[in-house]
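Dear colleague,

I am handing over the structure below, and I would be glad if you could look through it before reading my notes, which follow directly after it.

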2 protein chains.
Amino acid sequence: MRADARRNLGKIVEAAAEVVAERGVGAPMEAIAKRAGVGVGTLYRRFPDRDALIAAVGDHYIHTMADALDAADRGSADAWSAIWDFVSWVAEPGRAALSTALADLPDEVIAHRTEFIRARARWEERFDQLVRRAQAEGTMRGDVGVQDLIHLLNVFTCHPEDLPAPVAADPGRYLRLMLDGMKAGAATPAPSR
Amino acid sequence: MRADARRNLGKIVEAAAEVVAERGVGAPMEAIAKRAGVGVGTLYRRFPDRDALIAAVGDHYIHTMADALDAADRGSADAWSAIWDFVSWVAEPGRAALSTALADLPDEVIAHRTEFIRARARWEERFDQLVRRAQAEGTMRGDVGVQDLIHLLNVFTCHPEDLPAPVAADPGRYLRLMLDGMKAGAATPAPSR
DNA sequence: GCATAAGTGGAATCTCAGATTCCGGTTAGC
DNA sequence: GCTAACCGGAATCTGAGATTCCACTTATGC
């Protein structure tokens with residue numbers, strides 16, 4: 001591969017990641033091309049089709065998330081603050097949609113990406129351990145689970161157009177509100193599953 | 001207007017309300033027509049265009065919401081449980097998207113509907129009083145407002161396709177989680193506005 | 001420096017979904 | 001039994017976006 005081509009490939013994946021974060025997995029190829037500063041044709045020379053490009057974005061994302069979770073875990077003494085930190089990290093501007101994009105990847109895009117699936121499972125496993133630890137430490141209520149956390153992360157880090165403007169502007173505010181609701185003792189009648 | 005035509009008009013608005021609740025304000029005319037058991041042509045004989053029909057749905061919705069809020073208010077001794085009840089009511093299956101649909105109505109659809117705008121303002125005003133009352137009664141934390149509640153209602157009662165399946169299946173679970181986070185004393189460091 | 005394979009931009013093409021129009025065939029209501 | 005209102009839904013019109021194509025550039029090996 002020629003040096004300039006390799007350089008462009010990098011720009012493309014990066015641009016795709018950004019645009020997908022902003023506009024969701026349905027982001028148009030042209031928007032990605034423009035962001036990368038290349039023509040659509042170039043996208044198609046590197047990726048057979050839209051799905052392949054989106055899948056590449058998925059790989060990029062899952063690793064970013066996993067790294068952040070690890071960092072939060074290492075950086076905090078107790079599990080609860082690790083969770084708090086991680087959630088805050090995801091809510092930071094520019095990071096939004098990261099998690100949703102992951103959740104939204106169409107099945108047919110993921111189906112054969114065993115590496116991606118494995119990475120995501122590892123990440124969830126990791127996250128789950130943290131939640132259980134927090135519950136064991138008595139800082140998090142027991143009637144909620146990682147899946148609740150993940151879903152809420154997905155909901156609030158949605159592509160901005162799909163959220164009420166004020167929520168999109170500060171998802172962290174709402175995510176923290178929900179974490180407050182998950183603290184040990186916060187349960188009202190214990191929402192049943 | 002002929003009797004059968006009047007009957008159809010009723011079926012159309014009702015069907016539109018249902019379909020909009022399920023698929024959002026962008027629901028296709030054909031889906032509405034099918035639900036109402038009429039042809040698309042019939043929709044256009046009653047409403048000049050899509051927007052007019054959607055606006056009619058908006059009117060229908062805002063009144064339903066207002067009534068429910070009043071009912072919750074009358075039915076509860078304290079403001080907090082009135083809020084709790086109202087939120088639970090909105091979260092009930094079949095009601096979902098009601099609130100979002102309202103929030104999503106495109107500006108150009110609403111612009112001239114002063115009656116609608118007034119009704120909505122009245123509803124918000126009502127809701128706001130309830131929130132302030134709960135705060136005065138010391139049951140709700142002071143650093144959140146009606147708007148937070150409304151936004152969250154919108155987010156969780158979104159059209160099912162836009163939410164992670166488990167959330168769409170039981171938005172109430174998550175709304176209650178949020179309410180728990182809004183109870184007096186739940187605040188962690190007090191999310192700043 | 002030059003030949004040339006690799007790379008490029010972006011207009012043109014293809015698809016598809018959904019709004020809107022139209023009209024031959026039906027009915028309610030007198 | 002007449003006929004103005006109605007109806008259903010096929011046909012048409014549009015816009016958005018994926019994908020293809022090709023004339024034009026530019027690294028790179030010699």
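**What surrounds the DNA, and how the chains meet**

Sorted by class, the residues that make up the surface near DNA strand D are nine nonpolar, five polar and eight charged. Please keep in mind throughout that this is a predicted model.

Around DNA strand D there are 22 residues, of which A:Ala3, A:Arg50, B:Val38, B:Gly39 and B:Gly41 come nearest. Two or more residues of this surface are given by each of α1, α2 (29–36) and α3 of chain A, and likewise by α1 and α3 of chain B; the element that gives the most is α3(B), with four residues.

By class, the surface near DNA strand C has nine nonpolar, five polar and eight charged residues.

As for the protein chains themselves, their contact takes 23 residues from chain A and 23 residues from chain B. On the side of chain A that touches chain B, at least two residues each are supplied by α9 (146–156), α10 (165–169) and α11 (171–182), with α11(A) giving the most, eight residues. That side of chain A has 14 nonpolar, five polar and four charged residues.

With best regards

Conventions:
Residues numbered from 1 in each chain as written. Chains lettered and ligands numbered in written order. Predicted model: local features only at pLDDT ≥ 70, side-chain atom pairs only at ≥ 80, totals over all residues. Contact = placed C-beta atoms within 7 Å. Nonpolar A, V, L, I, M, F, W, Y, C, P; charged D, E, K, R; others polar. Near = placed C-beta within 6 Å.
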